[in-house]
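Please read the following report beside the sequence and the model. It takes up strand pairing, then helix packing, then the confidence of the prediction.

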Amino acid sequence: MRNRSSGIKIYRPGSEERKRNRGSLSLFLLQAAAMCFLMIAWWNAFLSVFRLPLHTGWLYGGTVAAVLLLGTVNRRFGARAVGAGLAVAAILLWYGRDLAINLYEWIGQNYETLFSAQPAGQAAYSYASVLISVPVLELLLCVQRTGRGKAAAGLVICAPFITAACAGWFQTVLPSWLLIMGAAAYYASSVSGAGRTGRGLFMWRHALLTMAMCSVLAFLSFQAGKGLDAGREAEDSFYFRMRGTITSEVVGGIEDLMTAVTGEDRTEEAAEEENTGLADDETLEGMQQDENIQDEFRQDDIAAEEATQEDITAGSVFDSPSYHAESDTVNLGSIARFEPSTAEMPEIRMDRRPESTVYVAENLGGVYSDNSWNMTDTRPSDEECREYPAELEETLAALCGSWADGSFEEVRQGISRELTSRAVYDTAPGATPAGEDFVEYFLFENHKGFCVHFATAATLMYRYCGYTVRYAEGYAIPASAFHEDETGGYVAQITGNMGHAWCQVYDEQTGEWLDMEHTPPAPADTSGAPPAASSDYEETIREKVVYEILPVLLPVCLTVFLCAALFFGQAALRSARREQRFRKKKDGEGIREMYAAVLKTAKFQGVEIKEPLAEDMAEQLYTEYPELEEKEWEWMYNRAMESMFYHLDHEKNDWVKMRTLYIHFRKAALGRMSRGQRWRFRYVYCL
């Protein structure tokens with residue numbers, strides 16, 4: 001008889017204890033390193049948007065010291081250390097409350113430059129910030145130690161993204177990816193019973209593999225974004241082909257369906273709803289045009305299409321006999337139709353890509369009389385910008401009604417509501433009959449016109465309500481027309497269909513002229529010439545998809561695909577490794593692995609297993625899973641125990657029977673799970 005065919009295996013508790021201790025220390029070091037990396041990335045993401053006066057060296061050093069100190073105490077005393085840590089931090093913060101108060105006051109005083117200027121860092125403020133972040137540290141340490149509450153930890157980790165988004169800003173690429181990688185390392189090192197298991201070396205390998213996968217994902221995402229940006233202007237690129245397909249097939253079908261369902265008419269309620277949001281717009285950097293009289297104005301609602309603009313060139317809105325370059329007045333009553341100019345247009349250059357329509361006024365209207373504007377390329381006087389014809393006072397009073405004395409927002413909404421309820425956009429409204437006033441005929445008889453009609457009426461209505469307003473003619477260049485050139489700036493070619501007319505309201509508080517848009521969108525039958533970009537109306541679906549959604553959608557889809565490939569790839573790899581362990585027949589290793597998988601599956605389904613090697617384990621499993629007979633459970637338990645201490649006489653036969661019983665058990669366990677549980681069981685836990 002061979003020596004290995006019978007007998008008792010030698011058990012060396014000393015070596016096992018040393019191995020467990022080494023694993024426990026290794027796991028603690030891994031978790032401490034992951035926690036330090038996460039918190040440094042967390043603070044870095046905050047400081048990339050909120051330029052607080054914190055000394056980064058002291059901040060990161062204090063954060064690392066706090067992680068190591070709190071982590072050591074939590075590892076030794078567990079949950080009891082959490083309250084003590086919070087209490088100590090609160091006491092220290094109370095003694096240093098002047099620092100926290102001064103930091104709060106500094107934020108309030110420097111809020112305007114909080115997102116731009118980088119102040120000098122102060123070590124004292126960094127000390128206070130570390131104390132303030134102690135509750136965050138305690139929460140993350142508890143989740144890392146127990147493996148529970150990972151959703152709450154995820155919410156805390158995303159705090160830099162959430163707060164920045166609420167403030168209207170977003171992190172740049174590098175801080176965002178560092179925080180994502182820090183979160184990946186944190187979750188990879190989070191395990192129940194941290195510091196008390198011998199899984200340290202395995203967790204190190206698992207964490208490093210996770211970090212490597214995130215690094216590859218970041219690199220691929222960055223390269224994919226660069227490739228898409230490089231091919232965005234090439235007509236034969238994948239981006240252009242996809243954009244054309246989506247525009248013609250998908251977006252066109254959606255627009256046709258919406259037109260069929262909603263029709264062309266816009267209700268008064270819809271118009272009023274779309275005209276909200278202008279009062280909250282922010283003024284962008286001033287743009288020099290002629291004598292620096294124009295301002296670039298950021299607006300929330302963009303409604304701009306390159307092929308849907310109107311032309312204003314050389315002192316005129318369009319080519320028409322009624323406009324003369326040498327004349328200071330323009331006879332509006334003779335306008336019969338819209339005729340875009342074919343004259344060569346200049347380019348416009350900006351230092352950064354605009355986020356909304358750029359308005360550039362070529363001529364300004366001050367005095368309105370006899371159906372004509374007194375046009376000038378210089379600023380008309382404030383007195384001229386408050387005048388309106390006396391013969392139109394009753395008409396304007398009827399139009400403005402009860403809201404004439406209201407707030408600016410009420411007046412703005414009232415004007416938009418009144419105009420859209422009385423007239424529609426039309427590129428061929430016809431000329432004003434002789435003896436008729438241009439505005440009265442437009443709103444009370446003809447009920448159709450284009451930007452010149454709407455801008456003229458809006459200007460006079462604002463003036464009647466007491467505001468300083470001027471009529472403006474020039475260009476409305478949509479943000480989508482700008483592209484980056486070789487110098488890093490953004491250039492747009494002005495075309496004849498980008499001309500427009502609008503009104504500008506003087507803001508007495510800021511001293512700026514605000515571009516106000518009251519021309520509604522055109523219906524579908526206006527011969528391809530809808531009004532210029534409007535901040536009061538939503539941009540068309542086609543514009544949003546082609547120029548805003550598509551450039552983001554393609555990298556996102558690629559990133560999602562790569563994430564899915566990595567996720568299912570790791571699940572397949574772990575399942576293959578598990579199956580490889582199951583197939584080992586020597587010394588009963590495969591039998592023990594299958595029995596351990598049975599216990600893990602039972603625990604996954606909520607079975608409380610305190611002592612896996614207890615004598616009543618077979619009876620407990622039979623109670624929970626009666627699909628297998630009691631004697632079969634006893635046989636599985638006995639063979640697993642024997643393989644731990646004895647050499648089995650019939651290893652291959654025992655392995656085959658164990659394999660058959662395990663497959664039977666697994667099928668019964670899967671039958672009890674919901675679809676979501678089966679998904680997690682197979683792809684997350686890989687059991």
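Three strands make up an open sheet in the order E4-E11-E10, with antiparallel pairing, where two strands count as paired if DSSP finds at least two bridges between them and where helices (H or I, at least four residues) and strands (E, at least two) are DSSP runs numbered from the N terminus. Strand E4 (347–350) and strand E10 (483–484) stand at the edges with a single partner strand each, so one side of each is left without a neighbour in the sheet. The antiparallel pairing of E4 with strand E11 (residues 490–493) runs over 4 bridges, and the bridge partner of Arg 349 in E11 is Val 491.

This is a predicted model, in which local features need pLDDT of at least 70 and side-chain atom pairs count only at pLDDT 80 or more, whereas totals for chains, interfaces and linings use all residues. Residues are numbered from 1 along each chain as its sequence is written, and side-chain values use heavy atoms, with hydrogens and water left out.

A hairpin is formed by E5 and E6, with 2 residues between the strands, and Asp 370 in its turn has a positive phi of about 55°. Strand E5 (residues 358–369) and strand E6 (residues 372–376) run antiparallel and are joined by 4 bridges; Ser 369 has Ser 372 in E6 as its bridge partner.

The helix pairs are compared by their axes, which are lines fitted to C-alpha atoms over the stretch in contact, with angles that run from 0 to 180 degrees between N-to-C directions.

| Helix pair | Axis distance | Angle |
|---|---|---|
| H3 (residues 80–95) and H5 (residues 123–132) | within 9 Å | roughly 150° |
| H7 (residues 150–157) and H8 (residues 159–166) | 5 Å | about 45° |
| H19 (residues 617–624) and H20 (residues 630–645) | within 9 Å | roughly 140° |

Angles under 35 degrees count as roughly parallel, over 145 as roughly antiparallel, 65 to 115 as roughly perpendicular and the rest as oblique. H3 and H5 are therefore roughly antiparallel to each other, and their crossing is left-handed; a crossing is given that name if the near helix is turned anticlockwise from the far one by less than a right angle, and is right-handed if clockwise. Ala 89, Leu 92 and Leu 93 of H3 make the contact (heavy atoms within 4.5 Å) with Tyr 127, Ala 128, Leu 131 and Ile 132 of H5. By class, this contact of H3 with H5 has 7 nonpolar, no polar and no charged residues, where Ala, Val, Leu, Ile, Met, Phe, Trp, Tyr, Cys and Pro count as nonpolar, Asp, Glu, Lys and Arg as charged, and the others, Gly among them, as polar.

The angle between H7 and H8, about 45°, makes H7 oblique to H8. Here Leu 155, Val 156 and Ile 157 of H7 meet Ala 159, Pro 160 and Ile 162 of H8, a contact with 6 nonpolar, no polar and no charged residues.

For H19 and H20, the crossing at roughly 140° makes H19 oblique to H20, and H19 passes H20 in a right-handed crossing. Met 617, Ala 618, Leu 621 and Tyr 622 in H19 meet Glu 630, Trp 633, Glu 634 and Tyr 637 in H20, and the residues of this contact divide into 6 nonpolar, no polar and 2 charged.

Confidence is given as pLDDT, the predictor's confidence in each residue, from 0 to 100. The protein has a mean pLDDT of 75, with 72% of its residues at 70 or more. Over residues 263–327 the pLDDT is below 50. Where pLDDT is low, the predicted coordinates should not be read in detail.
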